[in-house]
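Here is a short briefing on a protein model.

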Amino acid sequence: MKVDAGMEKTLHFIKQRYVNVNVKGCDTSEELVEITRRKEISCDIGNILDLSQFKQQSFDIVLCVAVLHYVFQRERRIIAIQKLFNLLSSGGTMFIQVWAYEHHETSKRKFEGSQDQLVSWKNNLQRYCHLFVEGELEKLVIDALEGCNYKLYTPSWSYGNWSIMIDRK
């Protein structure tokens, strides 16, 4: 399962590489859902805060790449992580990647001031983005999954993104 499937390159690659794997995505954009479906990938309208159309504990892998940082308010980000984790089957792995406040020196984006920014998006629109600092994503996952049985891997930073993997036990 990939949340915010977009014009899905990742799921398309997985489907081509692993022929017998069932891949599924969701996105808030009907247009992007249709583009993904044209690539013969199952994709539904979905929102990271409402994944109720998907069966709980039914996915071996859940990918959340470049989505969580667009969720306004820490409490809502916690809810999003909980909803993603609920999709994960026993023994499954969840991967989350978010934008980092600390960007690589070659990045075209430079952030100063608040971690909550408006960033340029399509057609000169601005979009809310929460920029994560070191340790923040890990703490958010720990708080979201309190009482759950999981293994948390050491977060990593790469070229302006924080990433973390979580296994459901």
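L68 touches I48, R77, A80, I81, I96, V98, F132, L137 and L140, leaving aside residues up to four places away in sequence. Contact here means heavy atoms within 4.5 Å. This is a predicted model, where local features need pLDDT of at least 70, side-chain atom pairs count only at pLDDT 80 or more, and totals for chains, interfaces and linings use all residues. Residues are numbered from 1 along each chain as its sequence is written, and side-chain values use heavy atoms, with hydrogens and water left out.

**Nonpolar cores**
- A nonpolar core is a set of buried Ala, Val, Leu, Ile, Met, Phe, Trp, Tyr and Cys residues joined through side-chain atoms within 4.5 Å.
- The largest such core has 33 residues, and I48, L68, I81, M94, I96, L137 and I166 touch the most other members.
- At least two residues of this core come from each of β4 (59-65), α3 (74-87), β5 (88-99), α4 (136-144) and β10 (161-168).
- Helices (H or I, at least four residues) and strands (E, at least two) are DSSP runs, numbered from the N terminus.
- α3 gives this core its largest share, 6 residues.
- Another core lies apart from it, with 5 residues, including W99, F111, C129 and L131.

**Cysteines**
- A disulfide is a pair of cysteine sulfur atoms within 2.5 Å, and the count by this rule is 0.
- C148 is in no disulfide either, as the nearest cysteine sulfur, that of C64, is 16 Å away.
- Buried means under 20% relative accessible area, exposed over 50%, and partly exposed in between (1.4 Å probe, protein chains only).
- C26 is buried, at 0% relative accessibility.
- C148 is partly exposed, at 35%.
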